Every structure is written in C-alpha cells, then in structure tokens.
Amino acid sequence: MAVSDSKAAERVLDVSADRRQARDRAAGYLLRRHHFQWPEALPWIVAIAAFFLFPDRMTFGSQVLVMIMFALSLDLILGYAGIVTLGHAAFFGIGAYTVGLGAARLGWTEPVSGLFAAAIVSAFVGFITGWFLLRYRGLTLLMLTLATAIMLQETGNLRSDFSGGYDGLPGLEFKPLLGLFDYDLYGHTYYLYALAVLAVVFFFVRRIVYSPFGQALTGIRENVKRMHAIGSPVHRRLVTVYSIAAGIAGIAGALFTQTNAYVTLTVFDFDNSAKVMVMLILGGTGRLYGAFLGAAVYMVLEDHLSKLSPTFWQFGIGLLLVLAVLFARRGVLGLFEDAGQYLKRFRS
Amino acid sequence: MTAALEVQGLNRSFGALLVTYNVNLTLERGARRALIGPNGAGKTTLINLITGVLKPSAGRVLLNGEDITASSQADRARRGLARTFQINQLFRGLTVLENLCMTIGERDGHCNNLWRSAGANPAVIDEAIDHLESLQLADDALKLVRELPYGRQRLVEIAIALAQKPRVLLLDEPAAGVPSSESHLILDVVDRLDPDIAVLIIEHDMDVVYRFAKEITVLVQGAVLVEGAPDAIMSDERVRAVYLGQDGHRGAAQNG
C-alpha cells in the first residue's frame, strides 16, 4: 500500500510539475514579448550610419525621419486600433502651423518648446474631432476625416492674411537648439535633432503598444462586438489613442516646419494623408517598424525616380504599390518576416 | 431577495414588425432557465435587448434590482452580465491566452493603463490560464484562435464569458455548429457552471434542455407562450402544437 501510495503521489507531483511548466511556457510568451530584441537596433544603426555616409543629404534625411514619425502615428490608429482615416494630414498640418505661426506672429522661436506646443494643440484638436467622428466606422469615417482636413485647410485659406495662405510662411527662423547648437546649411543639426525626437516618440509608442491599453486597441481592431460584450469602453479607448496619434502627427508636422524653415497650406493636402497611408501599407501595418521601412523606401524611391524622370516618377511608386498589394499583403516588413521564418525552418 | 435578472414588459419592433412583444422574465440567483421556441421566435433579439445591443421600444431590464435599461452594453457587462454569441465573436488573430487576458484586463480596469507592459502583470496571466485549464484549453493557450477547430473556439467563447466573473450568463446556442461527437464537451462545461450564476440558455436540442434546465420559457412570435417546469412544458398542448407545426400562430394568439 505504502509503495503504491508514494507512487500515486509521485504521479500527482509529476502532473503538477508538467502543468507548472506549461503555465510558465504560456506566461513566458506574454511576459517576454515586450522585451527589446537585437534586430530592433537595426533602424537606429542605419540612421546613424546614414549621418556619416551621406553628410550632404541630411536635409533629405530629416524629411525621411519626419515622415517615419508621421507614419508611426498613423500606425497607432490604423495598424493597432483599426481606425481608417484619410485626414491624418490635418494633425500634421496643425503641428506645422502651431510652430510656423508661433515663430512668424508671436516670435516664439525656441524649437523644443515649439514641439510641445504643437503636440498639445494637435492632440486637443484630435480629441475634439475624434469625440464626434469615432462613433462612425468604415467609409463614413473615411469621408468625415477627409472632410475635417479639407475644412481646416480652407479655414487657413480664408484667413490667408494671418496664415499666409498657399504662399505660406517663408523664411522662418528658429533659435539654436537648447541654446547651443545652431542651424547649419547642411542640416546636420536638424537631422540629429529629428532622430532624437523620433527615438523619444518611438519609445513612447512602443510602451503604449505593449501596454494593456494597446492590447485593448488590438481587440477593438479584431472584434469590436466582443469588446463591447466584455465591458470595454470602446469609444473612450478610440478617442484616447486618436488624440495621442494626433499629438505625435503634430510633432512630426512641427519638425517639418522647423527643418524646412517654411510652411504652406499644402501640408493639409489630401495628398499628404494618402501618402502617409501608402507608406505605412507599403512598410506593413500594426508592427511599429513598418512605418520606418515604408517611409524610407517610399522617400528614397521618390527621390531617385523624380531625378530619373521628373514627369513620370509616380508611375514607379504606383507600380510598387500594386506589387506590394499583390505579393506582399503584410508589406515589405512582412516579406522580411517570411524570409526569417523560412531561414529558421531551413536551418532546423 | 432581488432577482438576478428581471425583464419587465419588454417590447421591440423593427418598423411594423413586432419582434418582441410584452416579454416578462425573471431569473433568480442560480437559475437554470432554457429559452426555447421555433426559428424566428425572437430568442436572440431578446438576448440582444437584455445585453443592450438593441434598445427596447418599451419596458425595463433590471440587473440585481438595478434598472439598466439606459446603460450601455459595456456598462452592463461590467455589472456582471455576460453572454456568448450564437456565432463566435472572438479575437481570431490573437492567441487564446490573449483573448482571456484581454477579458480579465477589461474586467479589472487594467486596460486603462498605457505605460505598464501587458506582460508585467503575472496575476492576470495566471488567472487566464486557470480559466483555460478548467475548460481543458490550456494546451491551446498559445495557438491563434483562428487555427482552432470550431468546437474548441466555442469553448473559448464560454471561457471568455466565465472570465468576466458574471452573475448572470446568457448562452446563445453554445453547441451550435459543433459536431455531435464534440458537443458533449461543451455541455459538460455547461453542466458544471458555478451554481451561483443565473444562467439562461437558448438551445434547440430537447435532450440538452431537459438535462440542464429547471425552468423553461417558450417564446413564439416574440411573445412568451408559456413558462414552467420542464415536465409541464413538455406535456403542454400549445407547446406540442407549436413544435409539431400545427398552427403555432393560433397558439400564440390565444396566449397574447
């Protein structure tokens, strides 16, 4: 009896050890998912390498960084929360004009505080418009966001005496960064400045994406009916993330004005909203680094193609988009992921 | 003692079509009630009215004595009203474990947190695995929901509802679409539900209804035809008429 008893006890222990292991394995997946992995360093290494390799292309480099940030803000709402918008340029524009008007009309030329102001103003407009618009979904939302951006643009046009209209606000001057680093002709200072701001914004977005709040956004994208049924305040979640994304788009717009030292109403263009969406889809939605890849590929291609053929360069972009939609549904990043999976299987 | 769920004089029409007509229904704490009726009787509509997916044209819904008629769907869920759907409503692109963690996170308000990592709360993950183990889903914890066979997905649907720690649970045909060789798994789970939870189940299989329910409500053309103990219902002439297809319309009209 004693023997079989101890054996039975052993078996029970075995089972519980098994279960313990299974639990740890399952939990480990969620516990470790947000840890940094080494491939994540790659875009930053490339960005720093570009600084040394192409010292005379830093103004272009800053534009790429600005568009990456803009695409990243769109990824937060489109890729994670599933909010489809064609008016995201509205917030880019508000950020751009907050800094532009601040410098031209109020003499507020300190760059870093300008970014904060742009973030706050854009986020506020995002909150107000989001509160009304995010009750709708799909095509209705698409049209309403588009209309919002056009209305803002026309408001600027109406008061062109103040906004500068389509002629814009040229020749803006900003104070040296942190009172130390002055603007240089080659844009070196602003490249590093934009890179530093992008790093901070990225860290912030990454935290959000891996937070419980970020998980809830994914839930809303995956099945909003279920989210309602488990008691999620869906509207509040959407308005929150929409405001945050608007604020980040505003920072990108502010950087755009600061690096170019001018701004015109074209920042509100439908073109700008569509372009950032194309970049994101090209790179891959809902995976953070899709914004990096998409914006960089698009901008570099645009740069080369427009030199090659100033009139027909958009054909190349169009072709790339068709190919991406046909063969790389999850974007260029998706191709890399597939290749990685394939290599792993090939090795084992 | 106040009832767990009370529905008073509920009406709902889509245009001229009356889909719910003057429905009264009371679930005591720990109730085991089946809601039966022919196709198109308005059973799912009634669940949608109770959970707040639809707003009633008239009538009230009380949860633990509190009027929730004006509350949102999410608010009702947070007050302890959970449901499963007739057709799965899951986060198909996420793992089973994430489906559960999401539910627990929203239940306890963790999802208001933007800064902390979702993985940094082991208690949530632990509880999620507990729920999965009790439904023998632990082995599938890291599989994507869309990769599971439909029967397993039905269990996830129930696991989510239970993870909400409901006081009232509405099951809309929990075994629908599941091959009969697997349906016993789901029905076993239904049998073992916490006796404190008031359960309302919509089910077509009379064997299941008979095994599970202590009371039955028969819904015909949006109105309650009759309610009572299973034996009384099974021998009721009007119910037999409806189910044998002999002029259910008149049966409903007589009652209304």
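**View 1. B:Leu10 stands opposite B:Val23 in strand 2 of chain B.** This is a predicted model, in which local features need pLDDT of at least 70 and side-chain atom pairs count only at pLDDT 80 or more, while totals for chains, interfaces and linings use all residues. Side-chain values use heavy atoms, with hydrogens and water left out; residues are numbered from 1 along each chain as its sequence is written, and chains are lettered from A and ligands numbered from 1 in the order in which they are written. Strand 1 (residues 5–14) of chain B is joined to strand 2 of chain B by 7 bridges, and the two run antiparallel. Strands here are DSSP runs of E with at least two residues, and helices are runs of H or I with at least four, numbered from the N terminus; two strands pair if DSSP finds at least two bridges between them. An open sheet of 4 strands in chain B has the order 2-1-4-5, with antiparallel pairing. Its edge strands, each pairing on one side only, are strand 2 (17–27) and strand 5 (66–67) of chain B.

**View 2. Strand 3 (residues 32–36) of chain B is largely enclosed by the rest of the structure, because 5 of its 5 residues are buried.** Buried stands for a relative accessible area under 20%, exposed for over 50%, and partly exposed for values in between, computed with a 1.4 Å probe and protein chains only. In a regular strand the side chains alternate between the two faces of the sheet. In strand 3 of chain B both faces are covered, with B:Arg32, B:Ala34 and B:Ile36 buried on one side and B:Arg33 and B:Leu35 buried on the other. Strand 3 of chain B runs parallel to strand 8 (residues 198–202) of chain B, to which 4 bridges join it, and B:Arg33 has B:Leu200 as its bridge partner in strand 8 of chain B. Another 4 bridges join strand 3 to strand 9 of chain B, again in parallel, and here the bridge partner of B:Ile36 is B:Val218 in strand 9 of chain B.

View 3. Most residues other than glycine have a negative phi. With a relative accessible area of 24%, B:Asn64 is partly exposed.

**View 4. Confidence in chain B is lowest in helix 10 (residues 248–255) of chain B, at a mean of 45.** The pLDDT is the predictor's confidence in each residue, on a scale from 0 to 100, and in chain B it is highest in strand 6 (residues 81–84), at 95. Over residues 247–256 of chain B the pLDDT is below 50, and this stretch has 9 contacts in the model beyond near neighbours in sequence, a contact being heavy atoms within 4.5 Å. Where pLDDT is low, the predicted coordinates should not be read in detail.
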